[in-house]
Amino acid sequence: MGYEFGSERPTSSAGNDYRERYHQGAVGVGFSPGWRTTIDLTYLFRYENYLEPSSVANFRTNRRDTVSQFAVSARRPLGTYLSVGLTYYGTIDDSNIAAFQYRRNIVAAELLFAY
């Protein structure tokens, strides 16, 4: 579990469109349901407040985004040095300016060799 506050200053070539302040918090939990399997669940919420009117909105409104990111992973060892996993990553970005709204879903299959 955690919380962070910060601000980002873009490069001069990006102008003021991406100058922002944000607040974010995260929480996660991991457990084993048995069968030598590990399940991890994480969630991050981020509120982004852009400080200058957006050029995408013809400089009439400041951009505000709420972003939810979450991940669910399952891993199981196959031997001493080898394990297999499956992870789902999701992102939902809701913005008051439609051009910046998006949804992203990623599924990753993993084969891990560690010694």
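Serine 73 stands opposite threonine 87 in strand 5. Strands, like helices, are DSSP runs numbered from the N terminus (E, at least two residues, for strands; H or I, at least four, for helices). Strand 4 and strand 5 (residues 82–95) run antiparallel and are joined by 13 bridges. Two strands are taken to pair if DSSP finds at least two bridges between them. A hairpin of four residues connects strand 4 to strand 5.

The model is predicted: local features need pLDDT of at least 70, side-chain atom pairs count only at pLDDT 80 or more, and totals for chains, interfaces and linings use all residues. Residues are numbered from 1 along each chain as its sequence is written, and side-chain values use heavy atoms, with hydrogens and water left out. The pLDDT is the predictor's confidence in each residue, from 0 to 100. The chain averages 92, and 92% of the residues score at least 70. Confidence is highest in strand 5, at 98. It is lowest in strand 1 (residues 2–8), at a mean of 71.

Further antiparallel pairings involve strand 3. Strand 3 pairs with strand 4 (residues 62–77) over 13 bridges. In this pairing, arginine 46 faces valine 67 of strand 4. Strand 2 (residues 20–34) is joined to strand 3 (residues 37–53) by 13 bridges, again in the antiparallel sense. Here glycine 30 stands opposite aspartate 40 in strand 3. Strand 2 and strand 3 form a hairpin, with two residues between them. Tryptophan 35, in the turn, has a positive phi of about 55°.

Side chains of opposite charge can pair when their charged atoms come close. A salt bridge is counted when a side-chain nitrogen of Lys or Arg lies within 4 Å of a carboxyl oxygen of Asp or Glu. The structure holds six salt bridges. One of them links arginine 46 to glutamate 20, with the closest N and O atoms 3.5 Å apart. Arginine 46 lies in strand 3 and glutamate 20 in strand 2, so this pair ties together parts that are 26 residues apart in sequence. Both residues are buried. Buried means under 20% relative accessible area, exposed means over 50%, and partly exposed lies in between (1.4 Å probe, protein chains only). Arginine 46 also meets glutamate 48 in a salt bridge, at 2.8 Å from N to O. Glutamate 48 is buried, as is arginine 46. Another salt bridge joins aspartate 94 and arginine 103, at 3.1 Å from N to O. Aspartate 94 is partly exposed, at 33% relative accessibility. Arginine 103 is exposed, at 52%. Shared partners join Glu20, Arg46 and Glu48 into one salt-bridge network.

Aromatic pairing was examined next. Rings of Phe, Tyr and Trp (its six-membered ring) pair if their centres lie within 6.5 Å; planes under 30 degrees apart count as stacked, over 60 as edge-to-face and the rest as tilted. By this rule there are three aromatic pairs. In one of them, the ring centres of phenylalanine 70 and tyrosine 88 are 6.1 Å apart and the planes are at 35°, so the pair is tilted. Phenylalanine 70 lies in strand 4 and tyrosine 88 in strand 5, so the pair ties together parts that are 18 residues apart in sequence. Phenylalanine 70 is partly exposed, at a relative accessible area of 27%. Tyrosine 88 is partly exposed, at 26%. A further pair, tyrosine 81 with phenylalanine 113, is tilted because the planes are at 50°, with ring centres 6.3 Å apart. This pair links distant parts of the chain, 32 residues apart. Tyrosine 81 sits in the loop between strand 4 and strand 5, and phenylalanine 113 in strand 6. Tyrosine 81 is partly exposed, at 47% relative accessibility, whereas phenylalanine 113 is exposed, at 57%. Tyr81, Phe113 and Tyr115 form one aromatic cluster.

Leu78, Tyr81, Leu82, Val84, Leu111, Phe113 and Tyr115 make a nonpolar surface patch of about 840 Å². Strand 5 and strand 6 (102–113) are the elements that give two or more residues to this patch. Patches are made of residues with over 30% relative accessible area and no salt bridge; like charges are joined within 9 Å, and nonpolar side chains (Val, Leu, Ile, Met, Phe, Trp, Tyr) within 5 Å. Accessible areas come from the Shrake-Rupley method with a 1.4 Å probe; for residues, only the protein chains shown count as cover. Valine 84 is placed in strand 5. Its relative accessible area is 36%, which makes valine 84 partly exposed.
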